[in-house]
2 protein chains.
Amino acid sequence: MTDGRKARGERTRAAVLDTAVALASVDGLDGITLGQLAASHGVSKSGLFAHWRDKEDLQLAVVDRAREQWWNEVVRPAFAAPRGIRQLWALHEQRMGFYERRVLPGGCFFATAVHEFDDHPGPVRDRIFDALRHWLRLLRNTVKEAVAMGELRDETDPKQLAFEMQAIGVAVVTHSRLLASASAYQYSRQAILDRLRALAIDPSLLDEPKRNGEPT
Amino acid sequence: MTDGRKARGERTRAAVLDTAVALASVDGLDGITLGQLAASHGVSKSGLFAHWRDKEDLQLAVVDRAREQWWNEVVRPAFAAPRGIRQLWALHEQRMGFYERRVLPGGCFFATAVHEFDDHPGPVRDRIFDALRHWLRLLRNTVKEAVAMGELRDETDPKQLAFEMQAIGVAVVTHSRLLASASAYQYSRQAILDRLRALAIDPSLLDEPKRNGEPT
């Protein structure tokens with residue numbers, strides 16, 4: 001295979017997976033077929049079989065791609081914030097932005113996938129659970145760092161706070177449809193701000209950036 | 001039709017719907033077929049068509065039955081608690097009990113159904129959304145009552161608190177699988193207790209019942 005063909009194949013593979021993540025955020029992973037993906041990218045079904053030998057293999061690759069996307073769109077930009085409590089808040093804020101921008105038509109790949117697979121043991125569920133556990137661990141470690149830096153009170157329970165941030169974060173995916181959309185994001189932000197301020201040594205670290213330049 | 005046959009028909013209808021709610025909590029509403037339900041109850045498929053003319057008609061009846069079950073298993077027992085902040089806590093506590101007892105094999109009918117249908121407009125989604133909005137309204141009204149009774153601070157935002165109780169309540173359905181099961185319930189209870197105590201005029205109303213008889 002020439003380098004050109006290899007690069008083209010790689011681009012097709014990435015584009016097909018992006019489409020699959022978007023479709024799965026609406027209809028779930030089981031709704032995706034190689035035939036449908038081939039048609040939407042104008043390639044042959046047999047061409048896609050060169051990348052994924054069966055449906056499960058494709059589903060695993062889609063989970064990996066969704067995780068990569070979450071890293072690029074949520075985690076990486078949040079890591080640009082100063083370490084500690086502001087990074088914790090940035091993780092929530094970037095997540096809200098990811099949902100608000102409608103990066104995925106269904107709002108969240110993992111919110112749909114976990115409800116689809118949580119009762120179905122197997123490699124796909126394991127991969128989805130791995131991704132979610134990794135995210136919870138990242139939240140916990142960010143809490144621990146903020147405690148170690150003296151920005152969150154010593155009695156802060158990292159597992160408790162990570163649970164709450166995940167619960168309050170994912171809830172907007174359904175609530176933004178149930179309620180007037182903007183309110184759900186507002187409630188979710190308020191809930192996490194209240195929680196972080198209650199646990200902060202210096203709650204003013206969480207003031208709006210615009211206030212920083214104002215006279216005190 | 002004789003009264004006996006009518007009563008038998010009614011019992012079959014209720015039993016089939018209970019099975020359908022349980023199955024849908026695992027596989028979603030779209031996974032349910034009249035053929036499968038007929039087989040599991042030893043009745044003919046055409047017999048079931050007498051109750052529901054098509055799949056959508058069956059799905060609507062299943063949503064109604066799940067709502068009735070939620071009322072009987074969660075709301076009604078919580079209403080036995082004293083009005084005000086203790087009733088609000090009882091709604092969360094009864095919900096936790098409903099999940100912990102595994103009344104439904106998938107944990108929660110609505111948690112699965114809302115992720116399945118939220119991107120699919122139509123009568124079934126409307127019926128699911130109606131049920132969830134009704135539940136949120138019930139939470140809000142219980143908050144308002146607790147404020148009116150002077151048990152929650154005046155500045156309590158009923159919509160905000162209802163959002164948090166729903167988010168923190170439903171989160172255990174997936175978290176009890178992701179984490180060691182017991183921890184998820186513990187985190188969910190702790191989160192709501194912390195929140196209610198922070199907003200309560202007299203937080204001791206939320207002390208464990210066993211403490212009531214202890215010397216102070």
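In chain A, 62% of the contacts between residues at least 6 apart in sequence join residues at least 24 apart. Two residues are in contact if their C-beta atoms, placed from the backbone, lie within 7 Å. The model is predicted: local features need pLDDT of at least 70, side-chain atom pairs count only at pLDDT 80 or more, and totals for chains, interfaces and linings use all residues. Residues are numbered from 1 along each chain as its sequence is written, while chains are lettered from A and ligands numbered from 1 in the order in which they are written.

Chain A has 9 helices and 0 strands. Along the sequence the pattern reads α-α-α-α-α-α-α-α-α. Helices (H or I, at least four residues) and strands (E, at least two) are DSSP runs, numbered from the N terminus. Along the principal axes, the C-alpha atoms of chain A fill a box of roughly 65 × 40 × 30 Å. Chain A holds 216 residues, of which 39% count as buried. A residue is buried if 20 or more other C-beta atoms lie within 10 Å of its own, exposed if 12 or fewer, and partly exposed in between; here too C-beta atoms are placed from the backbone.

Helix packing was examined in both chains. In chain A, helix α1 (residues 3-27) packs on helix α2 (residues 34-41) at an angle of about 115°, with the axes 10 Å apart. Axes are lines fitted to C-alpha atoms, for helices over the stretch in contact, and angles run from 0 to 180 degrees between N-to-C directions. The crossing of α1(A) and α2(A) is right-handed. A crossing is right-handed if the near helix is turned clockwise from the far one by less than a right angle, and left-handed if anticlockwise. From α1(A), the contact uses T12(A), A15(A), V16(A), T19(A) and A20(A); from α2(A), it uses L37(A), S40(A) and H41(A). By class, this contact of α1(A) with α2(A) has 4 nonpolar, 4 polar and no charged residues. Ala, Val, Leu, Ile, Met, Phe, Trp, Tyr, Cys and Pro count as nonpolar, Asp, Glu, Lys and Arg as charged, and the others, Gly among them, as polar.

In chain B, helix α6 (residues 109-117) meets helix α7 (residues 123-148) at about 135°, and their axes are 10 Å apart. That angle makes α6(B) oblique to α7(B). Angles under 35 degrees count as roughly parallel, over 145 as roughly antiparallel, 65 to 115 as roughly perpendicular and the rest as oblique. The crossing of α6(B) and α7(B) is left-handed. F110(B), A113(B), V114(B) and F117(B) of α6(B) touch the α7(B) side, made up of V124(B), R125(B), I128(B), A131(B) and L132(B). The contact of α6(B) with α7(B) has 8 nonpolar, no polar and 1 charged residues.

The two chains were then compared. A rotation of 180° with 0.0 Å of shift along its axis superposes chain B on chain A, with an RMSD of 0.0 Å. The two copies are thus related as by a two-fold rotation axis. Superposition is by least squares on the C-alpha atoms of residues with pLDDT of at least 70 in both copies. In chain B, A167(B) comes closest to the rotation axis, its C-alpha lying at 2.7 Å.

The contact between the chains takes 26 residues from chain B and 26 residues from chain A. On chain B, the elements giving two or more residues are α6, α7, α8 (158-178) and α9 (181-199). Among these, α8(B) gives the most, with 12 residues. The side of chain B that touches chain A has 12 nonpolar, 8 polar and 6 charged residues. Of the interface residues of chain B, 100% are also interface residues in chain A, so the copies meet through the same surface.

Individual residues were also examined. R102(A) has a positive phi of about 55° although it is not a glycine. R102(A) sits in the loop between α5 (85-100) and α6 (109-117) of chain A. With 11 C-beta neighbours inside 10 Å, R102(A) counts as exposed. R102(B) likewise has a positive phi of about 55°.

E145(A) lies in helix α7 (residues 123-148) of chain A. It counts as partly exposed, with 17 C-beta neighbours inside 10 Å. Not counting residues up to four places away in sequence, E145(A) touches R83(A) and G84(A). The C-alpha atoms of E145(A) and R102(A) are separated by 31 Å.
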